[in-house]
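Work through each task with the sequence and the structure in view before reading its solution.

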Amino acid sequence: MTKEYGHVADEVIWHEHGGAGDPVVLLHSSVADARMWDPQWAALTEVFHVVRTDFRGHGRTPYRANGPYSDAADVAAVLDALDLKDVTLVGSSYGGRVALDLATEYPGLVSRLVLLNAGCGLPPTPDLTGFGAAEDRLIEAGDIGGAAELNMRTWLGPEADEATRERLAEMQRHAFKTQLAADPRPEGRRWRIDLSLIGAPAVVVTGAHDLPYFRESARHIAKGMADATLVELDWAGHLPSLERPDEIAALLLRLL
């Protein structure tokens, strides 16, 4: 049975949970929203109690806050509302960074991590800086569609089909429009990441077709954690769960 909730700690944080068993939390990329996990949802909820959320300004969660907020604190509030502990965090890209935030601040909350091309706060490399500058130019020119297309081309590897590319572009367009329309814009904060404090075992996945920045981030994360295994997918770009969804569902079932 699947249930949907809205308010958590006086804020509107859309989240959904379904299935039974050990808790698994799916954290989406900032390019997407919780819908990016649609292809894995049925398979995972057959085995686990699965939770997914929309971060603020993405999907079904509004872009507002009563003061400064952090996405990691929002996820912690959702888990507290559901009375879940010892969770496995599966984070894609920015969702992987949120997972590392949570594992640093709440080590007793997290039992395992699976990080798919996660960021960890390394200084930006020229490839990432160049992408950011191109995105900024398009947004400043009011070309939200062009900015969404840039993200789709950058973050999806060669295995993604046309329907997946359009779905990702739609999720990104929605996020841009939601965030740009916010007045006032909320102040988002990130918690610190200290890889040396994270004792939970982790699988760190990197894609051979991803930007160098994220490939270097994966190596840095795997080296800095006490119990981490680095896995490279030779076919993958930045979002392997969208590029080969069935393969990633099977990979998660094996890992978890």
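**Exercise 1: the chain as a whole**

In this predicted model, buried residues make up 54% of the 256 residues in the chain. Describe the secondary structure and the overall dimensions of the chain.

Solution. Begin with the elements: the chain has nine helices and eight strands. Its radius of gyration is 17 Å, close to the 18 Å that the globule rule gives for 256 residues, so the chain is as compact as a globular protein of that length. Taken along the principal axes, the C-alpha atoms fill a box of roughly 45 × 40 × 35 Å. Finally, turn to the contacts between residues at least 6 apart in sequence, of which 73% join residues at least 24 apart.

**Exercise 2: a pair of helices**

Determine how helix H4 and helix H5 are oriented to each other, and which residues form their contact.

Solution. Two packed helices are described by the angle between their axes and the distance between the axes. For H4 (residues 126-140) and H5 (residues 144-155), the axes come within 8 Å and cross at roughly 160°. Since angles over 145 degrees count as roughly antiparallel, H4 and H5 are therefore roughly antiparallel to each other. The crossing in which H4 passes H5 is right-handed.

The next step is the contact itself, where H4 contributes Leu128, Phe131, Ala134, Glu135, Leu138 and Ile139, while H5 contributes Gly146, Ala147, Leu150, Asn151, Thr154 and Trp155. Sorted by class, the contact of H4 with H5 has eight nonpolar, three polar and one charged residues.

How values were computed. Residues numbered from 1 in each chain as written. Predicted model: local features only at pLDDT ≥ 70, side-chain atom pairs only at ≥ 80, totals over all residues. Heavy atoms only, no water. Axes fitted to C-alpha atoms, helices over the stretch in contact; angles between N-to-C directions. Helix = DSSP H or I, 4+ residues; strand = E, 2+ residues; numbered from the N terminus. Parallel < 35°, antiparallel > 145°, perpendicular 65-115°, else oblique. Left-handed = near helix turned anticlockwise from the far one by under 90°. Contact = heavy atoms within 4.5 Å. Nonpolar A, V, L, I, M, F, W, Y, C, P; charged D, E, K, R; others polar. Rg over C-alpha atoms; globule rule 2.2 N^0.38 Å. Buried < 20%, exposed > 50% of the residue type's maximum accessible area, 1.4 Å probe, protein only.
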